[in-house]
Amino acid sequence: GINAEYGMQSLSLAARRAAPRLVRTYATPVEFKQPKVDPQLGDYPQLPPISAQRRPAKGWWNNQERRNFGETLPEQYEVLSLWAPDVFTISREKALKQFGIAVAVFLGFVMTVRANVPDRPAAPRSYPYGGLVAELGGLDANKAAVYEAEEE
């Protein structure tokens with residue numbers, strides 16, 4: 001009856017737990033490859049992705065966007081137009097070198113200013129009775145600056 005079915009189920013469960021797993025249970029990484037031709041474009045021409053910023057500035061029907069009337073736009077026109085982020089022609093090494101020079105000039109300026117700051121033209125005022133502690137309420141937090149003159 002019922003106990004026999006339960007015994008068989010628990011036996012098969014125990015057998016499944018004891019048997020080594022031959023199948024991987026974790027996710028297998030999938031490598032994504034961009035197709036050569038986008039199937040959603042159909043028969044639209046596959047133009048090379050060249051930024052309009054690389055085109056010469058004059059000689060176009062529309063000088064602002066550097067294109068001629070009726071010219072076919074590339075698929076990624078928003079990214080390749082003049083309104084896209086700038087296209088840089090500087091190498092990474094040259095950019096890091098220029099950034100390092102800028103930081104060195106800034107730190108040199110800061111150190112020069114710090115070294116040439118003049119002394120205070122007047123001595124700060126000193127107060128009697130330990131900085132007027134009792135007169136200002138008796139708390140050390142309220143104490144006026146006590147000035148000890150430097151000996152020369």
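1. Arg-55 is partly exposed, because its relative accessible area is 28% (buried means under 20% relative accessible area, exposed over 50%, and partly exposed in between, with a 1.4 Å probe and protein chains only). Its side chain meets that of Glu-71 in a salt bridge, at 2.4 Å from N to O (a salt bridge is a side-chain nitrogen of Lys or Arg within 4 Å of a carboxyl oxygen of Asp or Glu). The pair links distant parts of the chain: Arg-55 and Glu-71 are 16 residues apart, and each lies in the loop between H1 and H2. Glu-71 has 24% relative accessibility and therefore counts as partly exposed. The structure holds one salt bridge.

2. On provenance, this is a predicted model, in which local features need pLDDT of at least 70 and side-chain atom pairs count only at pLDDT 80 or more, while totals for chains, interfaces and linings use all residues. Residues are numbered from 1 along each chain as its sequence is written, and side-chain values use heavy atoms, with hydrogens and water left out.

3. The secondary structure comprises four helices and zero strands, in the order α-α-α-α from the N terminus on (helices, H or I with at least four residues, and strands, E with at least two, are DSSP runs numbered from the N terminus). Of the 152 residues of the chain, 9% count as buried. The accessible surface comes to about 14400 Å², and carbon and sulfur atoms hold 59% of that area (Shrake-Rupley method with a 1.4 Å probe; for residues, only the protein chains shown count as cover). Among contacts with a separation of 6 or more, 36% join residues 24 or more positions apart (contact means heavy atoms within 4.5 Å).

4. Ser-51 is placed in the loop between H1 and H2. With 9% relative accessibility, Ser-51 counts as buried. Leaving aside residues up to four places away in sequence, Ser-51 touches Leu-80, Ser-81 and Val-87. A polar atom of the Ser-51 side chain lies 3.1 Å from the backbone nitrogen of Gln-53.

5. Val-79 belongs to helix H2 and counts as exposed, because its relative accessibility is 58%.

6. Arg-66 deserves a check of its backbone. Phi of Arg-66 is near 55°, a positive value in a residue other than glycine. Most residues other than glycine have a negative phi. Arg-66 lies in the loop between helix H1 (2–18) and helix H2 (77–80), and at 18% relative accessibility Arg-66 counts as buried.

7. Ala-57 also calls for comment. Ala-57 lies in the loop between H1 and H2, and its 46% relative accessibility makes it partly exposed. Apart from residues up to four places away in sequence, Ala-57 touches Asn-63 and Arg-66. Ala-57 and Arg-67, 10 residues apart in sequence, are 10.0 Å apart in space from C-alpha to C-alpha.

8. A nonpolar surface patch covers about 910 Å² and is made by Phe-99, Val-103, Phe-106, Leu-107, Phe-109, Val-110, Met-111, Val-113 and Val-117 (patches are made of residues with over 30% relative accessible area and no salt bridge, like charges being joined within 9 Å and nonpolar side chains, namely Val, Leu, Ile, Met, Phe, Trp and Tyr, within 5 Å). Val-110 is found in helix H3, residues 92–115, and counts as partly exposed at 36% relative accessibility.

Conventions: Polar contact = N/O pair within 3.5 Å; in protein donor to acceptor, adjacent residues only side chain to side chain.
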